[in-house]
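Please keep the sequence and the model in view while reading.

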Amino acid sequence: MLVLAIVALLVPLGLSLRDRVDAEVKLQSRSQAEIVAARASALIDPPQTRELNELAQKAAREVRGRVLIVGPTGRMLSDSSGVVARGTPYGSRPEIRAALTGEVTQVRRSSQTLGEEILATAVPVLSGASRPAGAVRITQSVAAVNRAIRRTWLAIALIGGLVLAPGPVAGGMIARQVARPILRLDEAAERVAGGDLSVRARIEGSTEQQKLARTFNGMTERLATLLAAQREFVADASHQLRTPLAGLRLSIEEARAEALAPLQQEGLDAA
C-alpha cells in the first residue's frame, strides 16, 4: 500500500517536473533567440560581421549551444562555432525557411552533422520591412535536457526511497501495537482452558478489542460461577445421599444374614 501511494504521488510529480524542465529549456532558447534577433536587426543590413560574430558567440555561451545568423536569402552571416564559412546557404533548413517567412519555429530533430538529437529554435529578424531581414537559429543538444530530466527522476526516486525505507519499520511497530491486546487475550484464553478461572483479560487496545476483552472476562466469570455451583451441588448431594445409602447398606447386610435360600443370598449380594 505504501509503495502504491508513493508511486501514485511521485510519478505524476516526475512527469510534471520533466515537462517543466523541457518547457523551461525551450522558453530560454526562444527568449535568447528573440533577444539576438532584436539586436541583430541593426547589424544585419548592411552586415556588420564583427559585431554579428560577437553577438552570436555571446549568445552561444549563455544557452550552451550554437547560434547561427542568416540574411534574407538564407545565407549564413555569422556562426558562433566558426565551422561554416560565411555565405553558406542555409535557406533549405526547414526551421530557417519558416523563420524567413516570419514564423517562429521550435523543433526537435536529428542532426546528421552532429549525429545526435537537437532542439532547433528559429526566429525572424524584423527590421520594419514587409519581409524579415534575416533569421536567427539556436541549436542545443537534447542530451543536456535529457540529463537534467534523468537527474530529476533520480532525485524523485531517492525521495521515494527515503519515504519507503522507514515504512516497514513503522508498519511493524503499528502491527505489533494493534496485535498486542489480541496476543494477551490469547494467552488468557489458554490459561482458562488449562483450568485457571481466576485469569482476567486486560482492557486495552481499540474499542473493539476492549469490548472483546470485557466479553471474555464476563464469560470467564460466568463459567467460574457455574463450576462453583456445580461443585457445591455435587458436595451437597454427596452429603445428603451418604446417610440413606449407609442405612440401606446395613438393611441389606442384615437381610443377607437372615436369608436361607441361595437365590435370595445371590440377589442380596448383588444389591
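## Strand pairing

β4 and β5 run antiparallel and are joined by 8 bridges. Two strands count as paired if DSSP finds at least two bridges between them. Helices (H or I, at least four residues) and strands (E, at least two) are DSSP runs, numbered from the N terminus. The bridge partner of I118 in β5 is S141. β5 also pairs with β1: 5 bridges join these antiparallel strands. Here R66 stands opposite T139 of β5, and L68 stands opposite R137 of β5.

β1 has another antiparallel partner in β2 (residues 76–79), with 3 bridges. L68 faces D79 in that pairing. The hairpin of β1 and β2 has 5 residues between the strands, and G74 takes a positive phi near 90° there.

## Model and conventions

This is a predicted model: local features need pLDDT of at least 70, side-chain atom pairs count only at pLDDT 80 or more, and totals for chains, interfaces and linings use all residues. Residues are numbered from 1 along each chain as its sequence is written, and side-chain values use heavy atoms, with hydrogens and water left out.

## Burial and cores

β5 is mostly covered, with 7 of its 8 residues buried. Buried means under 20% relative accessible area, exposed over 50%, and partly exposed in between (1.4 Å probe, protein chains only). In β1, 4 of the 5 residues are buried, so this strand is largely enclosed by the rest of the structure.

The largest nonpolar core has 20 residues. A nonpolar core is a set of buried Ala, Val, Leu, Ile, Met, Phe, Trp, Tyr and Cys residues joined through side-chain atoms within 4.5 Å. V36, I44, L52, L55, V67, I69 and V136 have the most contacts inside the largest core. At least two of its residues come from each of α1 (2–40), α2 (49–63), β1 (66–70), β4 (116–125) and β5 (134–141). α2 gives the largest share, 6 residues. A second, separate core of 10 residues includes L68, M76, I96 and A99.

What does I44 touch, leaving aside its neighbours within four places in sequence? I44 is in contact with I69, V70, G71, L77, V125, A133 and G134. Contact means heavy atoms within 4.5 Å.

## A loop residue

P72 lies in the loop between β1 and β2. P72 is partly exposed, at a relative accessible area of 46%. Its contacts, leaving aside neighbours within four places in sequence, are L100, R131, P132, A133 and G134. P72 and I174 are 102 residues apart in sequence and 73 Å apart in space, C-alpha to C-alpha.

## A helix pair

Helices α6 (residues 207–258) and α7 (residues 262–270) have axes that come within 9 Å and cross at roughly 160°. That makes α6 roughly antiparallel to α7. Axes are lines fitted to C-alpha atoms, for helices over the stretch in contact, and angles run from 0 to 180 degrees between N-to-C directions. Angles over 145 degrees count as roughly antiparallel, under 35 as roughly parallel, 65 to 115 as roughly perpendicular and the rest as oblique.

α6 passes α7 in a left-handed crossing. Left-handed means that the near helix is turned anticlockwise from the far one by less than a right angle; clockwise is right-handed. I252, A255 and R256 of α6 make the contact with Q265, L268 and D269 of α7.
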